[in-house]
Each structure stands twice: as structure tokens, then as C-alpha cells.
Amino acid sequence: MKSALRTPAALLLAAGLALPLLASAAEDPAVAQLNQRLLAIQANSTTSELAPYERLQAQQAVADLAKAKRRDLDQARYLAERRVEIAETSVRTALARRQSAELERTRSDLLIEATRRESQRIRQENERLRVQAQIQAEESERLRLAAESEALARQDAETALTSVAGKQTARLSAAQANAAKLAREEAELVSGAKLPGSKFDSRGEVFTFAGDAFAGGQSSLSGGAKSQTKALAEYLNIGKKGRVRIEAYDAAAGVGQKRAEALRDALVAAGVSASRFQVSGKKAASTKARSAEVIVAP
């Protein structure tokens, strides 16, 4: 099937190589041996299209050997042997590169698929824990109301329920943190770029763009910031579906707002819904550590 798909140019090259090989094969043992090595490359469907230039040079050198006069025979034989060796080496190198590229593509596909499956499993576990937490909360309320008639019983019930709710909340928080970690890894793997640094505080998950994300007094994103924005867009689409607030800083009036808008536009261009964003510019000096923040609501 593969040989039937060869281009006309490849077929012409094959014909051009094969005819001189057959014609001169019986004239000189060295010529016949070298021709046989070249024919072995041509006859193999895996290597027949590799290193065409080096093979053509080798064929020309073998043809020159077949026509060489006695005084030039040693030099012509040496040159022909070297050209054939170069052609064989070039074919092996090209074949190794092709196989390496195929292996790398397969590895990347497997890594992406494994990460996606793990992310799906974590999301399902989060949903299970959320439903379980909701059921637990409803049961806690029922028990609290039932214990109102007796202060001591109510106190005991509330203590027990607080403990259970705390453990459940801790498990849910741990699961959410694990899901966020997997979502970050998937976003970086798919986008081929690193996310900006992040932390969790009372506002939610906060991604911080460093001072070099923008040129001094400018609102256009640097190359590094564009790569981080691409990874952040993947992250927002994979694991975070809520509202996003963008705050940017600069001492000059209006520059902070333009920077926030530039970040929003880059995220929207990368596939995040524009309706999720709220932007705000701050008239405050940006620092080496911070020129803008992207705050993902919890």
C-alpha cells in the first residue's frame, strides 16, 4: 500500500537509480557489489525514499568507477565506496530520526491521555464528595433541630456534627487542591507553556504576572507573558468555570486598566469566554514580583 502512494518524482528517481545499477552490475566485481548495496536500499519500502541526494551521489560515483581508466581505478573505487557508505549512513540516520519522532509523538499522546483520564476521575470524585457533603449538611441540620428541646443534647450533637463537617470539608478541600494540581499539569502539557505563579487566599486562586510581563509604562504583553497566558487559558477551560477578576498595576494613570484589558483580550483569544471576566486597573507602581493578578473565584 505504501509503495502505491509514492510521488511521481520518487518513482522517476527510483527508475533513474535502478537502470544504471543493472546495466553496470556485470562489468566489475566492485561495481556489482556497490550497486547491490544501493539496490538493497531502493528495494526496501521503508528506506526507498530516504536520503535521495546522497544515494544519487553514490550512484554517480559507482557509474564513474565503472567507466574509470586503469590509472584512475583506485581513486574512483575509493570515492565510490565512500559515497555508498555515506548514502547508507544517511539512510540509517534519517530512518532513526523518523522512528524517534514517531516514538516521541506516541509518548506525548499517551501522557496527555493519561492526564485527561486522571483529571476526569478526580472531577468525578469531587462531585461524589460534594453530594456527600450536601447530604451530611442536611443530616446535620435535622439533628440540630431535633436536639433544640434539650440544651445538653443539642450541644453534644453540634460538637459531633462540627467534627464530622470539619473532616468532610478537609477531604473536599484536599480533593479540590489535587484537582487543581492535575488541571495545572494538564494545561501546561497541552499548551507547552508554564503557568504563572499562584497561591490561594480569601479571594480564591490568585495567579501573579511578574514585572517583566509588560515593558515599562506599556500595556502590551511580553513574549513570556503571552506563553503564560496561553497556559492559563487552558487551565481556566479545563478546571475552573467560575468568574475571573483581572487586576493590573502601574503608577501612570490609565496604564493599569489597559494592562488588565490586554490580559483579558489574550485569554479570550485563547478560548476563554469573555463573559467570565471583570477587569480593573490600579494606579499603583508595579514591582519586579507583580504587575498584574488574575483571581479565579473559589
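Some housekeeping. This is a predicted model, in which local features need pLDDT of at least 70 and side-chain atom pairs count only at pLDDT 80 or more, while totals for chains, interfaces and linings use all residues. Residues are numbered from 1 along each chain as its sequence is written, and side-chain values use heavy atoms, with hydrogens and water left out.

Back to Ser280, which sits in strand β4, residues 277-283. Helices (H or I, at least four residues) and strands (E, at least two) are DSSP runs, numbered from the N terminus. Is Ser280 buried or exposed? Ser280 is buried, at a relative accessible area of 14%. Buried means under 20% relative accessible area, exposed over 50%, and partly exposed in between, with a 1.4 Å probe and protein chains only. Setting aside neighbours within four places in sequence, Ser280 is in contact with Arg245, Ile246, Glu247, Ala248, Gln257 and Ala260. Contact here means heavy atoms within 4.5 Å.

One of those partners, Glu247, belongs to strand β3, residues 244-250. Glu247 also counts as buried, at 9% relative accessibility. Its side chain makes a polar contact of 2.7 Å with the side chain of Arg245. Beyond four places in sequence, Glu247 is in contact with Arg203, Ser280, Lys282, Ala292, Glu293 and Ile295.

Now the overall layout. The chain has seven helices and five strands. Read from the N terminus, the order of elements is α-α-α-α-α-β-β-α-β-α-β-β. Of its 298 residues, 31% count as buried. Taking contacts between residues at least 6 apart in sequence, 73% join residues at least 24 apart.

Helix α2 (residues 29-43) and helix α3 (residues 52-67) pack with their axes 10 Å apart, at an angle of about 160°. The axes are lines fitted to C-alpha atoms, for helices over the stretch in contact, and angles run from 0 to 180 degrees between N-to-C directions. That makes α2 roughly antiparallel to α3. On this scale, angles under 35 degrees count as roughly parallel, over 145 as roughly antiparallel, 65 to 115 as roughly perpendicular and the rest as oblique. The crossing of α2 and α3 is left-handed; that is, the near helix is turned anticlockwise from the far one by less than a right angle, and clockwise would be right-handed.

Which residues make the contact? From α2 they are Ala30, Val31, Leu34, Asn35, Leu38, Ile41 and Gln42, and from α3 they are Arg55, Ala58, Gln59, Val62, Leu65 and Ala66. They divide into nine nonpolar, three polar and one charged. Ala, Val, Leu, Ile, Met, Phe, Trp, Tyr, Cys and Pro count as nonpolar, Asp, Glu, Lys and Arg as charged, and the others, Gly among them, as polar.

In the loop between α2 and α3 there is Ala51. Ala51 has a positive phi of about 45°, although it is not a glycine. Ala51 is buried, with a relative accessible area of 12%.

The other helix pair I picked is α6 (residues 223-238) and α7 (residues 255-269), whose axes come within 9 Å and cross at roughly 60°. That makes α6 oblique to α7. α6 passes α7 in a right-handed crossing. Thr229, Leu232, Ala233 and Leu236 of α6 meet Leu263, Ala266 and Leu267 of α7. The residues of this contact are six nonpolar, one polar and no charged.

Leu182 lies in helix α5, residues 151-191, and is buried at 11% relative accessible area. Not counting residues up to four places away in sequence, Leu182 touches Thr115, Glu118, Ser119 and Ile122.

Arg116 lies in helix α4, residues 73-146, and counts as partly exposed at 43% relative accessibility. Leaving aside neighbours within four places in sequence, Arg116 is in contact with Glu186 and Val190.

How values were computed: A polar contact is a pair of N or O atoms within 3.5 Å; within protein, one must be able to donate a hydrogen and the other to accept it, and residues adjacent in sequence count only if both atoms are side-chain atoms.
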